[in-house]
Amino acid sequence: MSISEPPARFADLQSIDDPVFRRAGIRCSILRLDTFSSYANGNKFFKLKQNILQAKAQGFTRMLSFGGAFSNHIHALALAGRHFGISTVGIVRGDNLSVLNPTLTDAAAAGMELQFISRQDYKRRNDADFLNYVRGQYPDCFVVPEGGSNVLGVQGCMEIIDHIHSHEVGRGGLIVVPCGTAATLAGIAAACDNGEKVLGFSVLKNSHYLDAEVEKFIADLSIESRDNWTISHDYHCGGYAKLSTELVSFIDKFEQQHNIPIEPVYTGKMLFGLHQMLQLPQQSIAAGTHVIAVHTGGLQGGRGMVEKMQRKRMSIASPK
Ligand SMILES: *Cc1c(COP(=O)(O)O)cnc(C)c1O
């Protein structure tokens, strides 16, 4: 893929035929944010877009942000920076990375300057004094928070609705999305039509605070609060980037059946949760609903999960 290739105008909405949905009388389509842009991945494209425009408008030529070693956000920032002619700095959690992993190799190849910091320092990434210190070290940088989860990120995610509505069958559905910080969900909920609803699946354990975060993100947009969204907290599989054998079996089967690549941290976990939910005796999604599940990308970060998934498969093959 060439970075100069323009992104497709709208993401595909791919209908899937799946027995679990069919039995519940529910149509399901996947919004393919994983394939629509050649230079920035999935929802991180939307979370960065307004940040980049703002940085440019304010005359910045360098952007800085934070992320883990397999961060989709760091990867997207590096590639978007190269595309838009902005230099980038990635502050990366972990000071013991002697060999760059595929994510950081790509980021460095796109011209990103990488600065590694200890896990302890990384915890302070949102503290005012730490940010002042970072700004002192990189005085000419437009600073974006981890994951691109600021009000500009939420504004960018409002555009995801345009991609859904660009399809004839794309109106009036139940939009389903994985949640890390829930900024993506907040943007979608803020931009929905009347009658459309959003269901998030949290990929984190003990994440009930996300509900208040969504309220805050929406309030930051200076619009009325919305009651068109909910977040399920029941399908995190043990926590962020944690796997269960059921999750891995589901992903393997889903990829085989539908020929759509997914990863286990976000989209795979969301689809697993949705599948589980639909099989509950009293599941709450009405027959006739069109479920539009947002594939938020993240396949590059999934490269960091290959071995972990393989270990789960081995434990399925030979139960103790
Ligand atoms: C970052 C990320 C998310 C989570 O987005 P939030 O706005 O933080 O909820 C979901 N999917 C993928 C692939 C991501 O990289």
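This is a predicted model: local features need pLDDT of at least 70, side-chain atom pairs count only at pLDDT 80 or more; totals for chains, interfaces and linings use all residues.
An N or O atom in the side chain of Thr181 is 2.6 Å from a ligand oxygen atom. For Lys47, a polar side-chain atom lies 2.7 Å from an oxygen atom of the ligand. Taken alone, the ligand exposes 380 Å². The protein buries 97% of that area.

The shell around the ligand holds 14 residues. Lys44, Lys47, Thr181, Thr184 and Thr296 are the closest. Eight residues of the shell are polar, four are nonpolar and two are charged. The most come from α2, which gives three residues.

The ligand sits in the largest pocket. About 1,300 Å³ of space lies in this pocket. Its lining is made of 49 residues. Nearest the centre of the pocket lie Gly68, Arg93, Glu146, Tyr240 and Tyr266. By class, 22 residues of the lining are polar, 18 are nonpolar and nine are charged.

Several helices and strands contribute to the lining of the largest pocket. At least two residues each come from the helices α2, α3 (72-84), α5 (119-122), α10 (209-220) and α13 (299-302). The strands β3 (62-67) and β7 (174-179) also supply at least two residues each. The largest share, four residues, comes from α10.

Terms used:
Residues are numbered from 1 along each chain as its sequence is written. Side-chain values use heavy atoms; hydrogens and water are left out. A residue is near a molecule or strand if one of its heavy atoms lies within 4 Å of it. A polar contact is a pair of N or O atoms within 3.5 Å; within protein, one must be able to donate a hydrogen and the other to accept it, and residues adjacent in sequence count only if both atoms are side-chain atoms. Accessible areas come from the Shrake-Rupley method with a 1.4 Å probe; for residues, only the protein chains shown count as cover. On a 1 Å grid over the protein atoms alone, a cavity is a set of points where a 1.4 Å probe fits but cannot get out, and a pocket is an open set with protein on both sides within 12 Å along at least five of seven lines; lining residues have an atom within 4 Å of a point. A molecule sits in a cavity or pocket if more than half of its atoms lie within 2 Å of its grid points. Ala, Val, Leu, Ile, Met, Phe, Trp, Tyr, Cys and Pro count as nonpolar, Asp, Glu, Lys and Arg as charged, and the others, Gly among them, as polar. Grid points are joined across faces, edges and corners, and a volume is the space filled by probe spheres set on the points.
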